[in-house]
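Here's a quick briefing to read alongside the coordinates. Have the viewer open and follow the topics in turn.

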Amino acid sequence: MIIAGVSLVADLHGALFWEDQSLLVVSDLHLEKGSSFAARGVLLPPYDTIATLSRLAAVIARHDPRMVIALGDSFHDRTAHERLSSPDRAAIAALQARRDWIWICGNHDPALPSDLGGVVASEVAIGPISFRHEPTGAAGEIAGHLHPKARVSTRGRSMERRCFACDGERAVMPAFGAYTGGLSIRDAAFAKIFGTPGFMAHVLGDTRLHSIAASRCY
């Protein structure tokens, strides 16, 4: 995937890897979403955090990045980090070992504490790329927040999958979290960012990425 002249590898788990910078980017982990819902009486299996961290560990093992940027909404609410179990905290520390780690603040977690390891920032710029949580439509931007998904027809049936939204100058990343939903790539929110229906949905398949014009999705 090319963004503002930079070549990045799109991982099928929904991460981006910038090989020249040894940089891995993930977005919208929404850790402790299950416990947040449980506090409101909506009972979900309490395994979202461990499932998300296990997938993240697999991606980190595959690419062995020098730096990881988490693009906001890493935690589902303002106190989610307080509900992390000791094993989950240890898992995060193990992922951070020997690498730089940046937590970008999101709308769900705008005031991250300093005891999570790594550093906290509102946004980060590296070369021509700016990393932030909420997309603005600026050139060279990689953002999250919207949880893009695409519905496509294949072999006579419809399929809905998470996807990257990208037009070569900017990208919106899929949500990485186990319990995260999605917003249709045909929603008006994406038209505002890209300014044209001529952007692409890079859909996460079982064995490869499927690049489909957003206008062909529904």
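**Salt bridges, the sheet and a buried Asp**

Arg151 is partly exposed, since its relative accessible area comes out at 29%. Keep in mind that this is a predicted model.

**Charged pairs**

- Arg151 has a salt-bridge partner in Glu160, with the side chains meeting at 3.1 Å, N to O.
- Glu160 also counts as partly exposed, because its relative accessibility is 36%.
- Asp167 and Arg170 form another salt bridge through their side chains, at 2.5 Å, N to O.
- Here Asp167 is partly exposed, with 28% relative accessibility, and Arg170 is buried, with 13%.
- There's also a network: Glu123, Arg132 and Glu141 are joined by salt bridges that share partners.
- As background, side chains of opposite charge can pair when their charged atoms come close.

**The sheet**

- How many strands form the open sheet, and in what order? There are 6, running β3-β4-β5-β6-β7-β8, and the pairing is mixed.
- β3 and β8 are the edge strands, each pairing on one side only.
- The antiparallel part includes β4 and β5, which are joined by 3 bridges; Phe17 has Leu24 in β5 as its bridge partner.
- On the parallel side of things, β6 (residues 67–70) pairs with β7 over 4 bridges, and Ala70 stands opposite Trp103 in β7.
- Getting from β6 to β7, the chain passes through helix α3 (residues 86–96), giving a right-handed β-α-β crossover.
- β7 also pairs in the parallel sense with β8 (residues 119–121), this time over 3 bridges; Ile102 has Val119 in β8 as its bridge partner.
- β7 itself (residues 100–104) is mostly covered, with 4 of its 5 residues buried.

- Where does Asp28 sit? Look in the loop between β5 (23–26) and α1 (33–39).
- Asp28 is buried but has no salt bridge, and the nearest side chain of opposite charge, Arg162, is 9.6 Å away.
- That's out of range, because a salt bridge needs the nitrogen within 4 Å of a carboxyl oxygen.
- What Asp28 does have is a side-chain polar contact with the side chain of His147, at 3.1 Å.
- Leaving aside residues up to four places away in sequence, Asp28 touches a list of residues that includes Gly72, Asp73, His133, Gly144 and His145.
- Also among its contacts are His147, Ala175, Phe176, Gly177 and Thr180.

Methods:
Residues numbered from 1 in each chain as written. Predicted model: local features only at pLDDT ≥ 70, side-chain atom pairs only at ≥ 80, totals over all residues. Heavy atoms only, no water. Buried < 20%, exposed > 50% of the residue type's maximum accessible area, 1.4 Å probe, protein only. Helix = DSSP H or I, 4+ residues; strand = E, 2+ residues; numbered from the N terminus. Pairing = 2+ DSSP bridges. Right-handed = clockwise from strand over helix to strand, strands pointing away. Lys, Arg positive; Asp, Glu negative; His and termini not counted. Polar contact = N/O pair within 3.5 Å; in protein donor to acceptor, adjacent residues only side chain to side chain. Contact = heavy atoms within 4.5 Å.
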